[in-house]
Every structure is written in structure tokens, then in C-alpha cells.
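Please keep the structure open while I talk.

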Amino acid sequence: MPIRTMRVSGAPRTTGSPGAPDSAPGGTGSPAKARAPRAGLRGEGTWGWLFVSPMVLVLGLFMVLPILMALWVSLLHWDGQSNPFSGQADFVGLDNYRSLLTQDGLDRTLFATSLRNNLYYVLLTVPLQTLLALGLALIVNQRLLRGRGALRTTFFFPSVTSSIAVSTVFLFLFQGSGAVNSMLSWIGVKGPNWFADSRGVLSLVLGGLGIVDPERPTGMLADHSTMGLSWFEWLSGPSVAMCTLILLAVWTTSGTFMLIFLAALQNIPRELEESAAMEGVNRRQMLRYVTLPALRPVLFLVLTLGLISTWQVFDQVYVMGQGAPGNTTLTPAFLSYSAGFDNADFGQGAAIAFILLALILVLTVLQRWALRERGARTGRNR
């Protein structure tokens, strides 16, 4: 049948045989053709879920389900000898959390002590390891430096060494008659008995300046307390024994973060650095205005990983004293383990773990807010 061309509103229109459906105004043609892409997308989504279902099943079985079980255990008084989902375990509700946060007693005092110790551990370890890792990355990233591969291997080697083995070596190095005190004696310094010294470093400094008496503090520092610890105990700083753990952590983790920084440095376009150099920018200005802004996402990653790992420190504490001396190296992670496996109170151990999880999440959000982009936002034109 011949095809007729009609002009409607100045636009040519082609029609076929009489009775054939025309396309609706603004439509895309046949409804079957319109539904075909949507059906294809649904099929792709089904195949996508099918392919990822094994990993979803593994994560649900070995991560989500144990977390939910641990959350239930934190509401019980359970010794680990019976079925926690039967009537043999005593349901105590939030009593485990109250004994750690609000009720006066040994449990809250020990938990507050572990928080204090871990807080100083985080405040010193995270900045030191980040600065050391960035400095090492800047050194080995020099194009004219010889032996860069050997230096990278040397700096990274402590990170791949067993933490238990390194902790054991540190026990020999920092004992009273160890190599560290022997080296200090060469310059006339008598080193402390590192792992048996529970004195706070900040209190020793303030005592040496004559500001406070570390043995008998007075005033507000001794009269006021928080969670069972006096203000002086909160502000006395990390113990000498904890400082050795901080040195160990900085030495063993900076190599890993160095590689992360190094990969980010090598990803910075050379044209950006060359154009800045042509403008007469010196090395300090290059680092401040070119390198560090380009490393902002990687810096947030390193700080986040460091924050999480330092709040979960366990193996070094287990090997190098298990909280001794005087609970000055006690951490929440080790306290959770001790409550469950040493005291047979798995409910309180699980409660400590979930409080620690909430603390890490809050600090991560605060850190993300602190490192956010502060550039002016342009409003949307209307």
C-alpha cells in the first residue's frame, strides 16, 4: 500500500496502513519496545545478585550472624558453658553496660583505666606513625635517590614481621639490663626498668618542674574524679611501660602506611609539580600547597586505619605484660578478652566490645568531619 505523507502543524508525518497504531505524542514507539530495556535491567540485576550471593552468604554467616549473637550475649550473664539461647543463661538486660559506665565498682574502674591507657596510646601513636610514614614516603619517592627499592624493603620489613616475635624482641631490648639501657648508660643516662615502671610520663614531667607532687597530688586533681578515677590519674599521661608499646606500634606500622602514601605520591601528576616549580615555589610551599592537598583522601584513609587499629590493640599487650604494671598497659580489647576467658563473664566481655565499637564509630565520624573539605559551596542557580 502506498505511504502517504501528511503535514500536521508544519511537521511531516508518515502513516502506514489504515488501522495501524501510531506512536503516542511524546512516546518512544511500541510499548513492547519501551518495556524491553526495563526487562533487560531487571535481568541484569537478577544475575548480579546471583553472582554476589555466595559472598553475601559468607558475610552473613561469618560476620553479621556472630555480631548479632554477641549482641545477645552482651545482655546475658553467661559463663560460656551452656547454650546462650536457652533458659540456662540469665538475662540481665543492660546491667553489663551499667556496671561499666554508671555503677561504682571495680568493673567501672578497670574499664575507665583501660580507656585512659588506650586514649593516650591513640593520641601518641596515630600522629607519630602518620608523620613517620609520610616522611619515609617523601624520602623514598625522590627520583634521584639511589637504592630506593632497598630502602622501601627495609622500612616495610617490620610491618610484615610477626607482632608476637617483635614484642618478644622488645621485651629483651627494654628490660632493666637490656640493650636500650646499656646504650643510655654510654651517655650518662640511667634508664628505667621500662616494663615495671607504672609512673605517668606527664606526671613525672610536672613533678620535675615542681608543679605537682606525683606521689601526693592535692587540690582539684585529687578531689574530683570521673568514672572512678581521679583527675590526676586521667591527666598523668601514659606510663613508662605504655611508652614502649607506643614505640613498638609506631615502628611496626609506619612501613605499611608508607606504601599507601608512596602510591598516592606517585599518582600526583608531574605537570602539577612542574608548573608550581616554574612559579618559584620552594619545597616547603610545594609540600603545603600542592602535595598535602592532593593527599587529603589518602591522609583520611591512613588516619582512619590507624585510629581503628590502635583502639583494637591486643597482641602486644598480651605478650608484654597483660596490663601490668598496675593496669597501666590495660586496654579495652584485652579487658574484653580477660572478662570472658579469665573471669568466665562473656556477657561483660561482649558489652565492652560493643562499647568499643560505638566509640570507634563516633571517633571515625568526628575525624571525617574534621578532615572535610572546607571550600565555599556555590549555591544553585534558580
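E274 is partly exposed, with a relative accessible area of 42%, and please bear in mind from the outset that this is a predicted model. The side chain of E274 meets that of R270 in a salt bridge, at 3.9 Å from N to O, and R270 is itself partly exposed, at 47% relative accessible area. Because the two residues are four apart in helix α11, E274 and R270 are separated by about one helical turn. As a reminder of the geometry behind this, an α-helix has 3.6 residues a turn, so residues three or four places apart point the same way.

How many salt bridges does the rule give in total? The count comes to four, and I will describe two further ones. In the pair formed by R98 and D95, the closest N and O atoms are 2.6 Å apart, and since these residues lie three apart in helix α2, about one helical turn separates them. R98 counts as partly exposed at 38% relative accessibility, and D95 counts as partly exposed at 36%. The other pair joins D197 to R199, with the closest N and O atoms 2.7 Å apart; here D197, at 9% relative accessibility, counts as buried, whereas R199 is partly exposed, with a relative accessible area of 43%.

In soluble globular proteins, nonpolar side chains tend to be buried together. In this model the largest nonpolar core has 35 residues, and those with the most contacts inside it are F111, Y121 and W311. Two or more residues are given to this core by each of α2 (95-101), α3 (106-140), α5 (163-173), α10, α13 (296-311), α15 and α16, and the largest share, seven residues, comes from α10.

Next, the aromatic rings. A pair of aromatic rings is described by the distance of the centres and the angle of the planes. A search of the whole structure finds 15 aromatic pairs, and one of them, formed by F170 and F174, is stacked, with 5.3 Å from centre to centre and 25° between the planes. Both F170 and F174 are buried. There is also an aromatic cluster, made up of W78, F314, Y318, F334, Y337, F341 and F346.

Helix α12, which spans residues 283-294, deserves a separate look, and its buried residues are M286, V290 and T291. Where do these buried residues fall when α12 is seen down its axis? They fall within an arc of 85°, so they line one face of the helix. That buried set packs against α10 (240-266) and α11 (270-278), while the face turned away from the buried side carries the exposed residues R284, R288 and Y289. At the N-terminal end, α12 is capped by N282, a side-chain oxygen of which lies 3.3 Å from the backbone nitrogen of R284.

Finally, the backbone. Most residues other than glycine have a negative phi, and most peptide bonds are trans. Which residues does a cis peptide bond join in this model? They are A324 and P325, with omega at about 0°, and P325 sits in the loop between α14 (315-319) and α15 (332-342). The loop between α14 and α15 also holds Q322, which has a positive phi of about 55° although it is not a glycine; at 42% relative accessibility, Q322 counts as partly exposed. A344 likewise is not a glycine and has a positive phi of about 55°, but A344 is found in the loop between α15 and α16 (346-370), where, at 36% relative accessibility, A344 counts as partly exposed.

Methods: Residues numbered from 1 in each chain as written. Predicted model: local features only at pLDDT ≥ 70, side-chain atom pairs only at ≥ 80, totals over all residues. Heavy atoms only, no water. Buried < 20%, exposed > 50% of the residue type's maximum accessible area, 1.4 Å probe, protein only. Arc of directions from axis to C-beta. Contact = heavy atoms within 4.5 Å. Polar contact = N/O pair within 3.5 Å; in protein donor to acceptor, adjacent residues only side chain to side chain. Phe/Tyr/Trp six-rings, centres within 6.5 Å; stacked < 30°, edge-to-face > 60°. Core = buried A, V, L, I, M, F, W, Y, C linked by side-chain atoms within 4.5 Å.
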